[in-house]
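Here is a friendly walk through one protein model, from its rings to its helices and strands.

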Amino acid sequence: MTGAGRARGRELAYKMVAERDNEKYSFARESRLLIVAKARVWASEGWRVVITDQDGKAYAPPEFDQLSAA
């Protein structure tokens, strides 16, 4: 299942990848607040989650507050 894609013909700004056991899901969103909220839920359910911003910087769950405050 993949939620990644483009919005109105441009690359989405934030990407999230969640992995657990042999499963991997990825999502992309324009809104950093929505991607952080989704990532926190997945992380709370035991998934290994990483968010990547438009500059390619990766954020693990302890760093999600940096994205929320931006």
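## Aromatic rings

A search of the whole structure turns up 4 aromatic pairs; rings of Phe, Tyr and Trp (its six-membered ring) pair if their centres lie within 6.5 Å, and planes under 30 degrees apart count as stacked, over 60 as edge-to-face and the rest as tilted. One of them joins Tyr-25 and Trp-47: the ring centres are 5.5 Å apart and the planes stand at 75 degrees, so this pair is edge-to-face. Because Tyr-25 belongs to strand S5 and Trp-47 to the loop between H1 and S6, the pair ties together parts that are 22 residues apart in sequence.

Both Tyr-25 and Trp-47 are buried, where buried means under 20% relative accessible area, exposed over 50% and partly exposed in between (1.4 Å probe, protein chains only). Ring pairs also link Tyr-25, Phe-27, Trp-42 and Trp-47 into a cluster.

## What the model is

This is a predicted model, in which local features need pLDDT of at least 70 and side-chain atom pairs count only at pLDDT 80 or more, while totals for chains, interfaces and linings use all residues. Residues are numbered from 1 along each chain as its sequence is written, and side-chain values use heavy atoms, with hydrogens and water left out.

## Overall layout

The protein has 2 helices and 7 strands, arranged along the sequence as β-β-β-β-β-α-β-β-α. Helices (H or I, at least four residues) and strands (E, at least two) are DSSP runs, numbered from the N terminus.

Of the 70 residues in the protein, 29% are buried. Taking contacts between residues at least 6 apart in sequence, 43% join residues at least 24 apart, a contact being heavy atoms within 4.5 Å.

## Helix H1

How far apart are the end C-alpha atoms of helix H1? They are 18 Å apart, which agrees with the 18 Å that the 13 residues of H1 (residues 32–44) should span at 1.5 Å a residue; the expected span is 1.5 Å times one less than the number of residues. Ser-31 caps the N-terminal end of H1, with a side-chain oxygen 3.3 Å from the backbone nitrogen of Leu-33. After H1 comes Gly-46, whose phi is positive, near 95 degrees.

Which residues of H1 are buried? They are Ile-35, Val-36, Ala-39 and Trp-42. These residues cover an arc of only 130 degrees around the axis, which puts them on the same side of H1; the arc is that of the directions from the helix axis to the C-beta atoms. An α-helix has 3.6 residues a turn, so residues three or four places apart point the same way. On the other side of H1, Leu-33, Leu-34 and Ser-44 are exposed. The cover over the buried residues of H1 includes strand S4 (14–20), strand S5 (23–29), strand S6 (48–52) and helix H2 (64–69).

## Strand S6

Val-49 lies in strand S6 and is buried, with a relative accessible area of 4%. Its C-alpha atom is 4.4 Å from that of Ala-18, although Val-49 and Ala-18 are 31 residues apart in sequence. Leaving aside neighbours within four places in sequence, the contacts of Val-49 include Met-16, Val-17, Ala-39, Trp-42, Tyr-59 and Phe-64.

Thr-52 also lies in strand S6, but Thr-52 is partly exposed at a relative accessible area of 28%. Thr-52 and Ala-13 are 39 residues apart in sequence, and their C-alpha atoms are 8.4 Å apart. Beyond its neighbours within four places in sequence, Thr-52 is in contact with Ala-13, Tyr-14, Lys-15, Lys-57 and Ala-58.

## Two loop residues

Asp-21 sits in the loop between S4 and S5. Phi of Asp-21 is near 55 degrees, a positive value in a residue other than glycine. Most residues other than glycine have a negative phi. Asp-21 counts as exposed, at 68% relative accessibility.

Glu-63 lies in the loop between strand S7 (58–59) and H2. At 27% relative accessibility, Glu-63 counts as partly exposed. Glu-63 and Val-50 are 13 residues apart along the chain, with 9.6 Å between their C-alpha atoms.

Key:
Polar contact = N/O pair within 3.5 Å; in protein donor to acceptor, adjacent residues only side chain to side chain.
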